[in-house]
Amino acid sequence: TVLITGANGQLGTVLTRALRERYGNEKVISTDVRPAPAGEPGRFELLDAMDEENLRQLVRREGVTQIYHLGAILSARGELDPMRTWKVNMDALLNVLEVARTEGVDKVFYPSTIAVFGHNADLSCTPNHSVLNPTTVYGISKAAGENWAQYYFERYGLDVRSLRYPGIIGYQSAPGGGTTDYAVEVFHSAVAGEPYTCFLAAETTLPMIYMDDAIRATIELMEAPKEAVKIRTSYNLAGCSFAPAEVAAAIRRIRPDFTMEYAPDFRQDIAAGWPDRIDDAPARADWGWKPAYDLDRICTTMLEHLQQRAASDAGVAQ
Ligand code: VAH
């Protein structure tokens with residue numbers, strides 16, 4: 001049985017569906033601090049992973065063998081309340097690791113992020129084994145979390161696996177509180193026929209990945225033979241890299257009327273400390289990672305899906 005925390009989030013929503021398709025509805029328990037969205041099939045439990053006892057009871061009662069711990073406060077929202085962000089992100093992770101270790105859970109997935117890097121790294125193409133000087137409390141918590149993951153693997157043999165995700169772009173779910181959220185919002189505006197005001201400057205290049213690639217990478221890493229997983233802090237995962245102006249241009253190739261304006265806010269400073277692109281050579285070498293979506297394919301796919309949804313919503317409204 002698989003347990004997912006943060007299952008109602010941007011990644012959790014889609015990963016839960018993918019795991020249910022793979023392992024069966026009954027074998028996957030989604031949990032979140034927020035109630036389940038209406039109409040989702042499968043088992044859902046309200047759970048705050050900061051509550052160790054509740055987490056332990058659930059793991060024990062259901063005979064959980066794998067935990068995907070996705071619940072966390074992201075970069076931009078995290079800066080609004082640093083102490084709470086640290087507490088939520090660390091307490092929940094340590095509870096998951098401790099419960100997994102003591103209840104004999106086989107495998108744990110822990111998402112990390114390109115936000116673990118900071119100004120002292122080579123931000124033009126950041127290697128996996130790079131200095132970590134994160135500038136956000138979210139990044140600090142993930143850098144610490146990666147090291148805890150490795151500690152539990154080395155000290156207790158707990159099979160924890162982790163990816164440093166770039167910004168994730170998908171049509172199925174809304175991002176919540178990240179610095180890369182613009183790259184999803186922009187497509188919603190384009191489909192609504194509205195201009196988009198970007199909170200990052202035009203030339204701010206960041207690593208991004210299409211949702212299908214992010215999900216496939218997660219499942220491929222989790223299903224790789226244990227010996228193949230050689231990095232036990234976290235693997236750099238690359239999709240493609242682009243700046244807001246490049247997305248705008250790519251959207252205009254399909255929707256020539258689309259316009260983007262720029263009003264950088266505090267998130268620009270966050271983005272300035274992050275890589276332009278990251279080097280994912282170890283992921284490719286160790287467990288065969290290869291992304292399938294470049295910017296143009298992301299644009300075509302996003303616009304198609306959001307357009308279809310808008311059309312069917314309009315149909316329902318009539
Ligand atoms: C954020 N999307 O913006 C997240 C992230 C790629 C960075 O982990 O906070």
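Helix α1 passes helix α7 in a right-handed crossing; a crossing counts as right-handed if the near helix is turned clockwise from the far one by less than a right angle, and as left-handed if anticlockwise. Helices here are DSSP runs of H or I with at least four residues, strands are runs of E with at least two, and both are numbered from the N terminus. This is a predicted model, in which local features need pLDDT of at least 70, side-chain atom pairs count only at pLDDT 80 or more, and totals for chains, interfaces and linings use all residues. Residues are numbered from 1 along each chain as its sequence is written.

Let us stay with this pair. Helix α1 covers residues 10–23, and its axis lies 10 Å from that of α7, at an angle of about 60°. Axes are lines fitted to C-alpha atoms, for helices over the stretch in contact, and angles run from 0 to 180 degrees between N-to-C directions. The two helices are therefore oblique to each other, the word for angles that are not under 35 degrees (roughly parallel), over 145 (roughly antiparallel) or 65 to 115 (roughly perpendicular). From α1, Leu11, Val14, Leu15 and Ala18 meet Met211, Ala214, Ile215, Thr218 and Ile219 of α7, where contact means C-beta atoms, placed from the backbone, within 7 Å. By class, this contact has eight nonpolar residues, one polar and no charged; Ala, Val, Leu, Ile, Met, Phe, Trp, Tyr, Cys and Pro count as nonpolar, Asp, Glu, Lys and Arg as charged, and the others, Gly among them, as polar.

Helix α7 (residues 211–223) also leads us to the sheet: it lies across β7 and β9, running at about 80° to β9. The open sheet has three strands in the order β7-β9-β11, with mixed pairing; strands pair if DSSP finds at least two bridges between them. β7 (167–169) and β11 (240–242) stand at the edges with a single partner strand each, so one side of each has no neighbour in the sheet. Strand β9 (residues 206–210) runs antiparallel to β11, and three bridges join them. Methionine 208 has cysteine 240 in β11 as its bridge partner.

Another helix pair is α4 (residues 82–103) and α5 (residues 137–156), whose axes come within 10 Å and cross at roughly 15°. They are therefore roughly parallel.

Finally, look at the ligand. The residues around it include Leu74, Ser75, Tyr138, Tyr165 and Thr180, each with its C-beta atom, placed from the backbone, within 6 Å of the ligand. The shell divides into six nonpolar, six polar and no charged residues.

Technical notes: Contact = placed C-beta atoms within 7 Å.
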